[in-house]
Number of protein chains: 2
Amino acid sequence: MSRFDKFSKELLPTIESGLQSVFDHYLENNQNSVRHMLAYHMGWEGEGAGIKAQGKRIRPLLLMITADAVSTDWRKTLPFACAIEMVHNYSLIHDDIEDHSTMRRGRETVWVRWGIPQAINAGDSLYTLAYLALLGARDNFPPDIIIKSSYLLNLTCLKLTQGQYLDMRFENEDSVTLNDYWNMISGKTAALISCCCQMGAISGNSSDEVCEAFAQFGHFLGLAFQVKDDYLGLWGDLNQTGKSIESDLVSHKKTLPILYALQNNVNFRERWDAGSINKDEVKEISQLLTDDGTRKYTHSLVQELTQQAQDVLKKTGIRNDAMDALNDMTWSLVERES
Amino acid sequence: MSRFDKFSKELLPTIESGLQSVFDHYLENNQNSVRHMLAYHMGWEGEGAGIKAQGKRIRPLLLMITADAVSTDWRKTLPFACAIEMVHNYSLIHDDIEDHSTMRRGRETVWVRWGIPQAINAGDSLYTLAYLALLGARDNFPPDIIIKSSYLLNLTCLKLTQGQYLDMRFENEDSVTLNDYWNMISGKTAALISCCCQMGAISGNSSDEVCEAFAQFGHFLGLAFQVKDDYLGLWGDLNQTGKSIESDLVSHKKTLPILYALQNNVNFRERWDAGSINKDEVKEISQLLTDDGTRKYTHSLVQELTQQAQDVLKKTGIRNDAMDALNDMTWSLVERES
């Protein structure tokens with residue numbers, strides 16, 4: 001068991017009950033079923049509820065382990081951790097509508113179950129709960145840390161919407177560049193992961209330099225995470241990822257390897273421009289992108305970004321179990337198969 | 001010119017430029033067009049931009065006049081006022097999608113122009129900007145007032161989503177009671193107006209009693225405002241309201257007079273249950289609801305709620321120009337024709 005897994009095992013039950021407490025506190029005695037929709041999405045209620053439907057809670061784990069690394073009692077940071085996980089989940093509820101995704105963590109998405117109007121509103125409700133969760137930290141931290149954390153979370157949420165805007169725009173654009181791609185995933189994926197680590201550092205009243213180093217760590221980690229996701233979307237075992245039932249080739253998604261190959265492989269560009277790729281072609285085309293070096297390039301990018309994440313982590317000069325766990329986590333990321 | 005109008009004339013330019021500053025600060029150098037969508041919705045850009053498209057900015061006005069009433073420099077409360085107006089507008093963008101409304105302030109709604117996915121995301125972006133706007137008050141107020149105001153705004157936004165949930169549920173329910181109605185509009189309309197007045201009082205570091213009195217004032221004002229809206233939806237001059245092109249009878253909306261008449265007028269209930277009411281019938285049916293006392297009942301409710309608003313206002317014991325303006329405002333509300 002990795003050191004990250006050891007931390008996870010200890011922290012996860014606290015995170016789960018912390019999240020549920022926010023619901024109990026603010027949606028208690030609530031005759032309406034906004035609570036039920038959200039509890040379904042969080043993986044606690046309804047058909048298929050359970051660990052798998054809850055997701056990995058990576059973001060709150062990162063926040064609390066970072067807090068531990070800078071010598072804050074991680075239990076005290078639970079309100080921050082809950083806020084981040086709720087922001088993540090609100091954005092999933094809305095993204096699923098916007099991207100027309102019907103499945104999430106192996107279950108029907110909220111909008112499929114309750115319709116688009118109720119799903120938009122349920123997402124808004126969860127987003128609001130996130131801020132209420134954060135303010136729960138008032139009992140444990142001085143006002144300036146609360147305000148600093150709120151401001152960071154607000155800025156991060158703005159970046160999320162900007163990343164999502166770009167992602168939607170790219171769908172209808174032919175000339176998406178790699179630069180566009182990095183901008184998009186910086187907002188859509190990396191911003192919130194960076195926010196976790198930075199907020200963990202802020203909770204320990206760390207120096208600006210240390211906070212910034214953790215922000216950078218999260219940023220590179222987030223980019224690496226997304227590029228690895230893109231890698232798996234082409235060369236992963238679809239039975240293992242369980243995320244989508246089709247290759248990114250079929251869904252015509254402009255991921256990093258695809259954008260790279262569009263720039264460098266004329267044959268692939270011609271096939272891509274010619275229209276929908278069907279299931280039968282997937283094996284052949286992903287082999288094509290292995291042979292032309294796209295796979296190798298993508299893999300080396302994941303390694304490079306992971307290395308950058310580890311380098312900034314080292315720069316903090318902090319050494320303890322929590323730092324080791326963060327380091328472990330970056331490696332497991334590169335090696336994951338799903 | 002009423003005393004409220006005099007205040008408005010002085011405050012409105014400040015509010016408008018305050019709102020624009022938040023956009024400039026956080027969406028500047030933003031190559032994407034989320035800014036454009038939001039500036040369109042705020043009435044600043046695109047076809048039909050101008051005063052009429054901006055709405056009345058009633059909520060920030062209420063906040064700043066209340067601040068003035070409790071002897072706070074209203075200029076300092078601009079970040080709070082902007083936050084509230086942005087929350088109001090984010091909720092309109094999402095409500096328009098949820099209610100399938102195609103027109104707003106005489107122009108096409110955001111989702112009609114840019115599609116549902118982009119409109120959801122633009123609303124999320126505006127909601128986030130609201131919180132960023134609020135934190136702009138850090139320069140003018142101590143941290144505890146910032147945190148108190150944030151918490152109030154969060155709780156209010158939660159009530160908004162609960163009111164909207166009920167409103168959507170009522171569409172598909174036959175047995176909506178008057179009690180359900182009051183619950184719904186307490187969240188959907190009154191909560192944010194109450195929040196304006198309470199936050200204005202908080203900005204002056206007022207006692208809990210005074211803050212609570214202003215909260216109550218806004219609550220009754222909000223209810224009166226909504227019931228008057230419902231009144232105009234049946235007996236208003238549709239050319240003057242400009243809000244919708246049809247009577248609430250045609251849109252089958254469960255407003256207060258309609259729910260009251262459903263309880264008390266068997267003939268009306270039978271006609272309502274029989275299905276869609278068309279334009280030709282509107283005159284006759286609204287006359288029916290005049291003859292059976294529904295109109296009188298609705299009108300007296302508006303007066304009663306307005307009186308309650310004024311009574312709690314008096315309870316604060318504060319007397320000055322701003323209090324007179326708030327008082328004027330409640331009367332103009334009862335007498336408005338659009």
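Is His252(B) buried or exposed, and how many C-beta neighbours lie inside 10 Å? In this predicted model, His252(B) counts as exposed because 12 C-beta neighbours lie inside 10 Å, where a residue is called exposed if 12 or fewer other C-beta atoms lie within 10 Å of its own, buried if 20 or more do, and partly exposed in between, with C-beta atoms placed from the backbone. His252(B) is placed in the loop between helix 11 (238-241) and helix 12 of chain B, helices being DSSP runs of H or I with at least four residues, numbered from the N terminus. Although His252(B) is not a glycine, its phi is positive, at about 60°. Most residues other than glycine have a negative phi.

Residues are numbered from 1 along each chain as its sequence is written, while chains are lettered from A and ligands numbered from 1 in the order in which they are written.

A positive phi is also found at Arg57(B), a residue other than glycine, with a value near 55°. Arg57(B) belongs to the loop between helix 3 (51-54) and helix 4 of chain B, and Arg57(B) is buried, with 20 other C-beta atoms within 10 Å. Helix 4 (residues 58-69) of chain B packs against helix 16 (residues 321-335) of chain B at an angle of about 145°, the axes being 7 Å apart; axes are lines fitted to C-alpha atoms, for helices over the stretch in contact, and angles run from 0 to 180 degrees between N-to-C directions. The crossing of helix 4 of chain B with helix 16 of chain B is left-handed, that is, the near helix is turned anticlockwise from the far one by less than a right angle. On helix 4 of chain B the meeting residues are Ile65(B), Thr66(B), Asp68(B) and Ala69(B), and on helix 16 of chain B they are Ala322(B), Met323(B), Ala325(B) and Leu326(B), contact being defined by C-beta atoms, placed from the backbone, that lie within 7 Å. By class, this contact has six nonpolar, one polar and one charged residues, with Ala, Val, Leu, Ile, Met, Phe, Trp, Tyr, Cys and Pro counted as nonpolar, Asp, Glu, Lys and Arg as charged, and the others, Gly among them, as polar.

In helix 15 (residues 294-315) of chain B, the 22 residues should span 32 Å at 1.5 Å a residue, which agrees with the 32 Å between the end C-alpha atoms; the expected span is 1.5 Å times one less than the number of residues. Buried positions in helix 15 of chain B are Thr294(B), Thr298(B), Val302(B), Leu305(B), Thr306(B), Ala309(B) and Leu313(B). These residues lie on the same side of helix 15 of chain B because they cover an arc of only 120° around the axis, the arc being that of the directions from the helix axis to the C-beta atoms. Lys296(B) and Ser300(B), on the other side of helix 15 of chain B, are exposed. The cover over the buried residues of helix 15 of chain B includes helix 10 (208-235), helix 12 (256-264), helix 14 (279-291) and helix 16 of chain B. After helix 15 of chain B comes Gly317(B), with a positive phi near 75°.

Helix 10 of chain B is mostly covered, with 22 of its 28 residues buried. Lys228(B) is located in this helix 10 of chain B and counts as buried, with 24 C-beta neighbours inside 10 Å. Not counting residues up to four places away in sequence, Lys228(B) touches Val302(B), Leu333(B), Val334(B) and Arg336(B). Although Lys228(B) and Leu333(B) are 105 residues apart in sequence, their C-alpha atoms are 7.8 Å apart in space.

In chain A, Val110(A) lies in helix 6 (residues 110-114) and counts as buried, with 26 C-beta neighbours inside 10 Å. Leaving aside neighbours within four places in sequence, the residues in contact with Val110(A) include Met37(A), Tyr40(A), Ile93(A) and Ala122(A). By contrast, Asp208(A), in helix 10 (residues 208-235) of chain A, counts as exposed, with 9 C-beta neighbours inside 10 Å.

Between the chains, the contact takes 33 residues from chain B and 33 residues from chain A. On the side of chain B that touches chain A, helix 8 of chain B gives the largest share, 15 residues. That side of chain B divides into 18 nonpolar, 11 polar and four charged residues.

How values were computed:
This is a predicted model: local features need pLDDT of at least 70, side-chain atom pairs count only at pLDDT 80 or more; totals for chains, interfaces and linings use all residues. Helices (H or I, at least four residues) and strands (E, at least two) are DSSP runs, numbered from the N terminus. Two residues are in contact if their C-beta atoms, placed from the backbone, lie within 7 Å.
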